[in-house]
Amino acid sequence: QPKTEIAVLDDALRAYEQDIEKLQVRLREARSRQTAIAARLESAENRVKLRSLLTNERTDEALARFDQL
């Protein structure tokens, strides 16, 4: 009977180890997606800042030309 219990426990342990490995893979994938999303967010924020700077410069140039007229 102890051998049977040990065999059952070994099977359960192997199943748990497989589940843990699957969860670790999913966690790595989620972290990878999080990193990619963070990079996309930073890129988008930089584009918005650049666009804002360019718009401000154009507005300043237009106002300066208007003042000259």
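A helix, as the word is used here, is a DSSP run of H or I with at least four residues, and a strand is an E run of at least two. With that settled, this chain has 1 helix and 0 strands. One more thing before we go on: what you see is a predicted model.

Let me start with the overall form. The radius of gyration of the protein chain is 30 Å, whereas the globule rule gives 11 Å for 69 residues, so the chain is more spread out than a compact globule.

Two pairs of residues put distances on the picture. Take Ser-52, which lies in helix H1. Ser-52 and Gln-24 are 28 residues apart along the chain, and their C-alpha atoms are separated by 42 Å. Now take Lys-22, which also has its place in helix H1. From Lys-22 to Ala-64 it is 42 residues in sequence, and 63 Å in space from C-alpha to C-alpha.

Next, the surface. What share of the 69 residues counts as buried? The figure is 0%. The accessible surface of the protein chain comes to about 6800 Å², and carbon and sulfur atoms hold 57% of that. Ser-52 has 37% relative accessibility, so it counts as partly exposed. Lys-22 has 54%, and because the cut-off for exposed is over 50%, Lys-22 counts as exposed.

Now the charges. There are 13 positive and 13 negative side chains on the protein chain. The centres of the two sets lie 4 Å apart.

How many salt bridges does a search of the whole structure find? It finds 3. I will go through them in turn.

Asp-11 pairs with Arg-14, and the closest N and O atoms of this salt bridge are 2.8 Å apart. Both residues sit in helix H1, which covers residues 2–68, and they are 3 residues apart, about one turn of the helix. Asp-11 is at 46% relative accessibility and so is partly exposed. Arg-14 is also partly exposed, with a value of 46%.

Then there is Glu-21 with Arg-28, a salt bridge at 3.6 Å from N to O. Are these two side chains' residues buried, partly exposed or exposed? Glu-21 is at 40% relative accessibility, so it counts as partly exposed. Arg-28 is at 48%, and that also counts as partly exposed.

That leaves Arg-65 and Glu-61, whose side chains meet in a salt bridge of 3.8 Å, N to O. Where do these two lie? Both are in helix H1, 4 residues apart, which is about one turn of the helix. Glu-61 has a relative accessible area of 45% and is partly exposed.

To sum up: the chain has 1 helix and 0 strands, 0% of its residues count as buried, and the search gives 3 salt bridges.

Methods. Residues are numbered from 1 along each chain as its sequence is written. This is a predicted model: local features need pLDDT of at least 70, side-chain atom pairs count only at pLDDT 80 or more; totals for chains, interfaces and linings use all residues. Side-chain values use heavy atoms; hydrogens and water are left out. A salt bridge is a side-chain nitrogen of Lys or Arg within 4 Å of a carboxyl oxygen of Asp or Glu. Buried means under 20% relative accessible area, exposed over 50%, partly exposed in between (1.4 Å probe, protein chains only). The radius of gyration is taken over C-alpha atoms; the globule rule is 2.2 Å times the number of residues to the power 0.38. Accessible areas come from the Shrake-Rupley method with a 1.4 Å probe; for residues, only the protein chains shown count as cover. Lys and Arg count as positive and Asp and Glu as negative; His and the chain ends are not counted. The place of a charge is taken as NZ of Lys, CZ of Arg, CG of Asp or CD of Glu.
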